[in-house]
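This briefing is intended to be read alongside the sequence and the coordinates. Please keep both at hand.

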Amino acid sequence: MKKTLTAILTLLFAAGLSFGQNLLNDSSFESGNLSTWNLTGDSADCYAEKNKGNAHSGEWSYHYWKKTAFTASLDKKITGLSNGTYKLSVWSMGGGGENAIKLFARGFDNSGKEISAQIKNTGWKKWKQYSIEIPVQNGEVEIGIFVDANKENWGNLDDIELVKLN
Ligand SMILES: [Ca+2]
């Protein structure tokens, strides 16, 4: 059973690569950790959570909660890209009330400009997808999710994708 599952997953992964779809590894956080990301913030409050009820797909998602106000950035740099327009998207849900949650991209050209989408959570399991389009001009981009939370704010993000449009 495990071998069959591994074979199926390998096939699906190979198919994903051949179609040039999502360029991000572990985009559904199913590895159960944030090792492919840089977290600027407290890992006790921001972490990969195993809870099917809080995941958009699979069992894991990126979760945050803290008793007090906090900020956190989960980001990574993607290099070796061919220049063109990319779409970055993520699914989000949570209790709401944050000062800001944003999906962002920067470092995609030499201007220092940041492109972002404001995320507004409206309740448990009220999933909504957010996306931005990124005109990559220097073969790389830094992408991430920034949270500026008030006390006891919580949320989950899952299925983050970076896809080349043209
Ligand atoms: Ca997931």
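The structure is a predicted model, in which local features need pLDDT of at least 70, side-chain atom pairs count only at pLDDT 80 or more, and totals for chains, interfaces and linings use all residues. Residues are numbered from 1 along each chain as its sequence is written. Five strands form an open antiparallel sheet in the order 2-3-10-5-8, and five strands form an open antiparallel sheet in the order 1-4-9-6-7. The largest nonpolar core has 30 residues.

**Terms for the sheets**

- Helices (H or I, at least four residues) and strands (E, at least two) are DSSP runs, numbered from the N terminus.
- Two strands pair if DSSP finds at least two bridges between them.
- Axes are lines fitted to C-alpha atoms, for helices over the stretch in contact, and angles run from 0 to 180 degrees between N-to-C directions.

**Sheet 2-3-10-5-8**

- In the open sheet with the order 2-3-10-5-8, the pairing is antiparallel; its edge strands, strand 2 (46-50) and strand 8 (123-136), each pair on one side only.
- From one strand to the next, the twist averages 30 degrees.
- Five bridges join strand 2 to strand 3 (residues 60-65) in the antiparallel sense; lysine 50 has tryptophan 60 in strand 3 as its bridge partner.

**Sheet 1-4-9-6-7**

- In the open sheet with the order 1-4-9-6-7, the pairing is also antiparallel; strand 1 and strand 7 (114-118) are its edge strands, each pairing on one side only.
- Neighbouring strands of this sheet are turned by 20 degrees against each other on average, direction ignored.
- Strand 1 and strand 4 pair in the antiparallel sense over three bridges, and threonine 40 has serine 73 in strand 4 as its bridge partner.
- Strand 4 and strand 9 form an antiparallel pair over nine bridges; here the bridge partner of lysine 76 is isoleucine 143 in strand 9.
- Strand 6 and strand 9 form an antiparallel pair over seven bridges, and lysine 102 stands opposite phenylalanine 146 in strand 9.

**Nonpolar core**

- A nonpolar core is a set of buried Ala, Val, Leu, Ile, Met, Phe, Trp, Tyr and Cys residues joined through C-beta atoms within 7 Å.
- A residue is buried if 20 or more other C-beta atoms lie within 10 Å of its own, exposed if 12 or fewer, and partly exposed in between, with C-beta atoms placed from the backbone.
- In the largest core, of 30 residues, those with the most contacts inside it are Leu88, Ile134 and Val141.
- Strand 2, strand 3, strand 4 (70-78), strand 5 (84-94), strand 6 (100-106), strand 8, strand 9 and strand 10 (154-164) each supply at least two residues of this core; strand 9 gives the largest share, five residues.
- In soluble globular proteins, nonpolar side chains tend to be buried together.

**Selected buried residues and contacts**

- Two residues are in contact if their C-beta atoms, placed from the backbone, lie within 7 Å.
- Valine 141 touches Ile78, Leu81, Tyr86, Ala105, Gly107, Phe108, Ile134 and Val136, leaving out residues up to four places away in sequence.
- Isoleucine 143 lies in strand 9 (residues 141-149) and is buried because 26 other C-beta atoms are within 10 Å.
- Isoleucine 143 and lysine 77 are 66 residues apart in sequence, and their C-alpha atoms are 6.3 Å apart in space.
- Alanine 105 lies in strand 6 and counts as buried, with 24 C-beta neighbours inside 10 Å.
- Beyond residues up to four places away in sequence, alanine 105 touches Leu88, Ile115, Ile132, Ile134, Val141, Glu142 and Ile143.
- Alanine 105 and serine 116 are 11 residues apart in sequence, with a C-alpha to C-alpha distance of 6.4 Å.

**Positive phi angles**

- Most residues other than glycine have a negative phi.
- Aspartate 26, not a glycine, has a positive phi of about 55 degrees; the residue lies in the loop between helix 1 (2-18) and strand 1 (38-40).
- Aspartate 26 is partly exposed, with 16 other C-beta atoms within 10 Å.
- Lysine 125, in strand 8, has a positive phi near 70 degrees.
- Lysine 125 is exposed, with 10 other C-beta atoms within 10 Å.
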